[in-house]
Amino acid sequence: MEHRLALIGFGTVGQGLCEILVDKEEELRKRHDFEAKVVAVCDLQKGSLHSSQGLELPRLLELARAGRSLEEYPGELDRGWNALRTIRDCDADSVCELAYTDIKSGQPATDHCRAAFESGKNLVTSNKGPAALHYTELADLAAAKGVRFGIEGTVMSGTPVLNLARNCLAGNKIRSIRGILNGTTNFILSKMESGRAYDEVLREAQELGYAEAAPTADVEGHDALAKVTILANVLMGASLRPSEIPCEGITEITVEKIERAKAQGMRWKLIGEAKRDGSTVHASVRPTMVDMSHPLAGVMGANNAISFDCDLLGEVTINGPGAGRVETGFSILVDLLEIHREMRAVKP
């Protein structure tokens with residue numbers, strides 16, 4: 001069954017998704033009856049294309065890898081549409097929203113989400129902004145329009161968190177969620193255990209591509225803050241905004257503090273937490289000493305992990321990559337496959 005896609009953004013995640021769709025084309029068709037046809041691509045820097053007949057993914061990837069404009073793609077097709085026109089006027093079933101987003105405002109991704117739902121299209125995104133700031137509004141709009149809103153990739157990239165909790169842990173009441181939600185800070189804290197200073201390890205993280213040249217969003221906890229907001233609101237029914245959640249980063253963690261923690265059988269981690277207190281959910285992001293016996297203490301390097309404390313199952317922990325080209329592309333595919341199964345189920 002054909003599933004028509006529009007890609008808004010064709011950077012790391014968009015290209016990662018297309019690589020998966022090319023490499024797994026036959027398997028996806030045989031195992032999932034999923035035949036992806038990309039009918040539109042719009043990227044602020046790389047250009048915009050639309051063709052109802054579909055676009056050849058290897059050719060799009062070739063242009064992007066060569067640093068050339070997508071609008072060099074040959075043939076008779078629509079070029080130069082902006083993102084909102086692409087979303088509204090293309091004939092896609094689902095929009096993959098993969099553009100840059102300002103985490104403080106959630107834009108332009110939030111407007112992209114609204115445009116998709118209002119034009120009767122499903123939307124999946126790995127952008128944290130819309131989910132952290134406007135999840136309830138957007139989920140309600142999608143439901144009112146009879147379409148679907150997928151956000152699995154917003155928390156731990158392709159490592160299943162939201163779908164795991166909503167599907168595999170269904171029937172449990174989640175009492176608390178504690179997680180290592182940022183790979184950059186976990187890498188830095190892990191490396192500092194060998195006695196290296198924060199500034200030195202941060203430079204290494206930047207050289208390896210784990211940290212940006214301006215690493216504030218990571219090291220001051222803002223990235224983890226957006227993710228813990230999503231977890232609290234989506235999985236625990238809270239209505240929190242990032243500005244309401246106490247947030248502290250790792251910039252004050254020293255080698256001396258790490259050594260003192262080790263002497264107590266503890267390890268420093270940047271922990272995002274959401275916890276029930278009666279009918280209220282409290283959340284925070286802060287450096288925390290974790291006992292060495294806890295599963296989160298053993299998560300080292302750039303990996304992420306989350307522990308769910310459930311009323312029926314007790315504590316369940318999952319860890320894995322929280323970023324990456326193919327990993328985040330996979331998170332988009334997971335949501336698309338779930339939407340595709342639902343579309344097949346209702347198709348006459």
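**Aromatic pairs and helix packing**

In the predicted model, Y210 is partly exposed, with a relative accessible area of 39%, a value that falls between the limits of 20% for buried and 50% for exposed residues. Three aromatic pairs are found when the whole structure is searched. In one of them, the ring centres of F117 and F149 are 5.3 Å apart and the ring planes stand at 75 degrees, so this pair is classed as edge-to-face. Because F117 belongs to helix α5 (residues 109-118) and F149 to strand β7 (residues 149-150), the pair ties together parts that are 32 residues apart in sequence. F117 is buried, at 0% relative accessibility, and F149 is likewise buried, at 14%.

The rings of F187 and Y210 have centres 4.8 Å apart and planes at 55 degrees, so their arrangement is tilted. This pair links distant parts of the chain, 23 residues apart, with F187 in helix α9 (residues 183-192) and Y210 in the loop between α10 (198-208) and α11 (216-219). F187 counts as buried, its relative accessibility being 6%. Ring pairs also join F117, Y135 and F149 into a cluster.

As to helix packing, the axes of α1 (residues 12-23) and α3 (residues 57-65) come within 10 Å and cross at roughly 145 degrees, and the crossing is left-handed. The contact brings Q15, C18, E19, L21 and V22 of α1 together with L57, P58, L61, A64 and R65 of α3, and by class it comprises seven nonpolar, one polar and two charged residues.

Conventions
Residues are numbered from 1 along each chain as its sequence is written. This is a predicted model: local features need pLDDT of at least 70, side-chain atom pairs count only at pLDDT 80 or more; totals for chains, interfaces and linings use all residues. Side-chain values use heavy atoms; hydrogens and water are left out. Axes are lines fitted to C-alpha atoms, for helices over the stretch in contact, and angles run from 0 to 180 degrees between N-to-C directions. Helices (H or I, at least four residues) and strands (E, at least two) are DSSP runs, numbered from the N terminus. A crossing is left-handed if the near helix is turned anticlockwise from the far one by less than a right angle, and right-handed if clockwise. Contact means heavy atoms within 4.5 Å. Ala, Val, Leu, Ile, Met, Phe, Trp, Tyr, Cys and Pro count as nonpolar, Asp, Glu, Lys and Arg as charged, and the others, Gly among them, as polar. Rings of Phe, Tyr and Trp (its six-membered ring) pair if their centres lie within 6.5 Å; planes under 30 degrees apart count as stacked, over 60 as edge-to-face and the rest as tilted. Buried means under 20% relative accessible area, exposed over 50%, partly exposed in between (1.4 Å probe, protein chains only).
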